[in-house]
Amino acid sequence: MARLTRKPLWRGAVGLLAGLYFLVPVAASVIFTVDVPGQGFTLDAYSGILSADGFTDSLLLTLELAAATIVLVMVLLVPALVAVRLGAPRLRPLLEIICSLPLVVPSVALVSGYSSVLRWGPEHLSRTPLFQTFTAVQDKRFPFVLVLAYTVMALPLAYRALDSGLRAVDVRVLVEAARSCGASAPRAVLQVVLPNLRGALLNASFLTLALVLGEYTVGALLGYQPFAVWIVNTGGNQAQLSVAVSVLSLVVTWMLLLVFAALGRPRDRSRSLSRSSRRAGRDAAAPAPIAQEVA
Amino acid sequence: MTLKTKAPAGMLAALPLVLFMLVAFGLPAVAMLTGAFSTSSDAPGGAQWTTANLTDSVQGAYLTGLVSSVKLSALSALLAAVLGLPLAQAVVTSRHRALREGVLAASGVLANFGGVPLAFAFIATLGNAGVLTEHLGLTGAGWSLYTFWGLVVVYLYFLLPLMVLAITPALEGLRKQWREAAQNNGATGFQYWRYVALPVLAPSLLGGYVLLFGSAFAAYATAAALGSGSVPLITVQIADALSGNVLVGQGNIALALSLDMVVVAGLVMAVYVPLQRRSARWLD
C-alpha cells in the first residue's frame with residue numbers, strides 16, 4: 001500500500017522545471033516592460049499602447065477579419081457536416097480530405113500561391129470584369145483576400161472541433177424527434193441540433209479567432225497591416241511597446257479562452273447528465289493537436 | 001422533405017465548401033505548381049516551361065536553408081518529444097483534477113502562442129537586452145538568442161505544449177491493469193515502461209514527433225519577428241523572395257521553394273495519418 005500512495009518526487013521536479021520554463025519568459029516580459037533602464041519602474045509602455053500610431057486601426061482590422069473568417073468558416077462547414085450526419089455519409093471522406101488539404105500547404109507556401117494569383121489580375125485580366133473583383137478583394141480597408149486565406153487555414157482546426165462535437169450528439173435521432181413533434185426540417189436543425197453543438201461551435205470559433213489574432217505570415221507577405229504585423233513593425237523602434245502589446249495579447253487570449261469555456265458549459269442539467277456532457281464537452285474543448293501555422 | 005431524400009440535399013449542403021476550396025485553395029495551388037515549373041513573366045523571353053526553378057531551389061544557399069530548416073525542426077521536435085512525455089505523464093497521473101485541466105487548457109493556449117508574441121517574450125527574456133541575459137550575464141557566457149540553439153529554445157515553447165496535447169490521449173489510454181499485471185509478474189517500473197507502455201505508446205509518440213516536426217518546419221513568424229537572419233530558414237527565404245529580394249526574372253524561385261515545402265509537409269502527413277489511425281486502436 002505504501003507503494004501505491006507514495007507521492008513520486010519526479011512528478012514535482014518535472015512540474016517545477018516546466019513551470020519555470022513556461023513562466024519565466026512571461027514574467028521577464030512583464031519586468032522588461034515596467035523596468036526601463038535609466039527610468040526605474042514605469043507603466044509608460046502600457047499607457048502608450050492606446051495612443052501608439054496605428055494600434056487601433058490594426059486591432060480593429062484584425063477583429064473585423066476574425067469575425068468575417070469565423071462567419072465564413074461556420075457557413076461553409078456546419079451545413080456540410082450536419083448533412084453528412086443526416087443522410088450523406090458517403091460525403092464524409094471527401095469532406096475530411098478537403099478539410100485536411102490545407103495542412104499539407106504551410107502558410108508561407110500558401111501565400112506565395114496567393115501572391116501569384118493576385119498578379120494575374122493586372123497581367124491577364126485587366127480588360128475583363130473579373131479585374132474589379134481582384135481590386136475589391138485587395139481593398140486596403142478590408143482585404144477580403146485575407147479572409148479567404150485565413151478561412152483555408154482555419155478549416156482543419158474548425159473541422160476537427162466540429163466533428164468531435166458532432167460525434168457526441170446523435171444528430172439523426174435529434175432531428176427525427178423534433179420532426180415527429182411537428183418541427184420543420186430547418187427548424188429542427190436551427191433550434192435543436194445547433195444548440196446541442198454549442199460547445200463545439202464555440203470551440204471552433206475560438207480556434208479560428210486565436211489563429212486570426214496571431215496570424216502574421218499571410219498579412220505581412222501580402223502587404224497588409226493586421227495586428228501581429230503592426231507589433232513587429234513597431235518593435236523596430238519601440239521594443240518596450242511591442243513586448244507590452246505581446247503580454248496584453250497573451251492575457252486577452254487567456255481571457256477569451258475562459259469566456260468561451262464558460263459559455264460552452266451546459267446549464268441547468270441534472271448532475272449525472274452534466275457530468276457526462278461535461279466529459280463530452282471537454283473532449284471537444286481539448287484543442288485539436290494540430291498547430292496550424294501559428295509560429 | 002423527408003429524411004430519405006436528404007442525399008441530394010447533402011450534396012447541396014457541401015457544395016459551397018467545395019466551391020470555396022476550389023477558388024481559395026485550388027487556384028493558389030495551381031498557380032504555385034505552374035509557377036514553379038515556368039520562368040517568371042518578367043524574365044527575358046517571358047514565361048516558359050522549365051525545371052530550372054526547382055533545381056535551383058535545392059542548390060547553393062537554398063539547399064543550406066532547406067537543410068538548416070530540417071535540422072532545426074528535427075532537433076527541436078525531438079527535444080520536445082523527449083521532454084514532453086514525462087511532462088504529459090506527470091499531468092495525466094496528477095490527482096488534482098483542476099491542475100490537470102488547467103495544464104491542458106494552458107497547453108492549448110501555449111501551443112497556439114506561437115509567432116510574434118512568442119518572439120517578443122523571448123526578446124525580453126533572453127535577447128541582447130533581455131532580463132535574464134542582463135541579470136545572469138549570459139552574453140559573456142557566449143549566449144545569443146539569434147542563433148540555431150536560440151531558436152531551438154524558443155521553438156520548444158510552443159512545441160512542448162503541442163506534444164503534451166498530442167500524447168495525453170494515448171497516456172490516458174494506458175490501462176492501470178496493464179501496470180498491475182506487469183507488477184504481478186514481477187516487472188520493475190523500468191521493465192513495465194520498456195516492454196509494455198512504450199511499445200503501446202510508440203505510434204502515438206512517433207505521430208506526435210512527426211506533427212511537431214511539421215509545425216516547426218512550417219514556422220515563419222517567430223523567426224521573422226526575432227530577425228534571426230543568421231540562421232538560414234526556407235520559410236525566411238521564401239518570404240525574402242516574395243518581397244522581391246531576388247534578381248529580376250527569378251521571382252518564381254519562391255514558388256519552387258514553396259513546392260519543396262509542400263513536398264516535405266506532404267511526407268509528414270503521409271507518415272502522421274497512418275500512425276494516428278494505429279494509435280487510435282488502443283484508445284477506445
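**Exercise 1. A pair within one helix of chain B**

Determine where Arg97(B) and Glu101(B) lie, and how their side chains meet.

Solution. In this predicted model, Arg97(B) and Glu101(B) both belong to helix 4 of chain B, where they are four residues apart, about one turn of the helix. Their side chains meet in a salt bridge, with 3.4 Å from N to O. As to confidence, helix 4 (residues 97–111) has the lowest mean pLDDT among the elements of chain B, 79, whereas helix 3 (residues 60–92) has the highest, 91.

**Exercise 2. A network in chain A**

Trace the network of salt bridges that includes Asp163(A), and describe the setting of its partners.

Solution. The structure holds five salt bridges over all chains, and a network of such bridges links Arg85(A), Arg92(A), Asp163(A) and Arg167(A). Begin with Arg85(A) and Asp163(A), whose side chains form a salt bridge at 3.1 Å, N to O. Because Arg85(A) lies in helix 4 (residues 55–86) of chain A and Asp163(A) in helix 8 (residues 144–167) of chain A, this pair ties together parts that are 78 residues apart in sequence. Next, the side chains of Arg167(A) and Asp163(A) meet in a salt bridge at 2.9 Å, N to O; here both residues lie in helix 8 of chain A, four residues apart, about one turn of the helix. Finally, compare the accessibilities: Asp163(A) is buried, at 6%, Arg85(A) is partly exposed, at 24%, and Arg167(A) is exposed, at 56%.

**Exercise 3. The interface between the chains**

Describe the interface between chain A and chain B by its contacts, its buried area and its polar interactions.

Solution. Start from the contacts, in which 79 residues of chain A meet 84 residues of chain B. The size of an interface is often given as the accessible area lost when the parts come together. Between chain A and chain B, the buried area is about 7,000 Å², and carbon and sulfur atoms give 77% of it. The two chains have zero salt bridges between them, while seven residue pairs, both at pLDDT 80 or more, are in polar contact. On the side of chain A that touches chain B, helix 2 (residues 9–34) of chain A supplies the largest share, 13 residues. By class, that side of chain A has 57 nonpolar, 13 polar and nine charged residues.

**Exercise 4. An enclosed helix**

Explain why helix 13 of chain A can be described as largely enclosed by the rest of the structure.

Solution. The criterion for a buried residue is a relative accessible area under 20%. In helix 13 of chain A, the residues that are buried include Phe227(A), Trp230(A) and Thr234(A). Eight of the nine residues of this helix (residues 227–235) are buried, and the helix is therefore largely enclosed by the rest of the structure.

**Exercise 5. Confidence in the model**

Definitions and conventions:
Residues numbered from 1 in each chain as written. Chains lettered and ligands numbered in written order. Predicted model: local features only at pLDDT ≥ 70, side-chain atom pairs only at ≥ 80, totals over all residues. Heavy atoms only, no water. Contact = heavy atoms within 4.5 Å. Buried area = accessible area lost by both parts, 1.4 Å probe. Salt bridge = Lys/Arg side-chain N within 4 Å of Asp/Glu carboxyl O. Polar contact = N/O pair within 3.5 Å; in protein donor to acceptor, adjacent residues only side chain to side chain. Helix = DSSP H or I, 4+ residues; strand = E, 2+ residues; numbered from the N terminus. Nonpolar A, V, L, I, M, F, W, Y, C, P; charged D, E, K, R; others polar. Buried < 20%, exposed > 50% of the residue type's maximum accessible area, 1.4 Å probe, protein only. pLDDT = per-residue confidence, 0-100.
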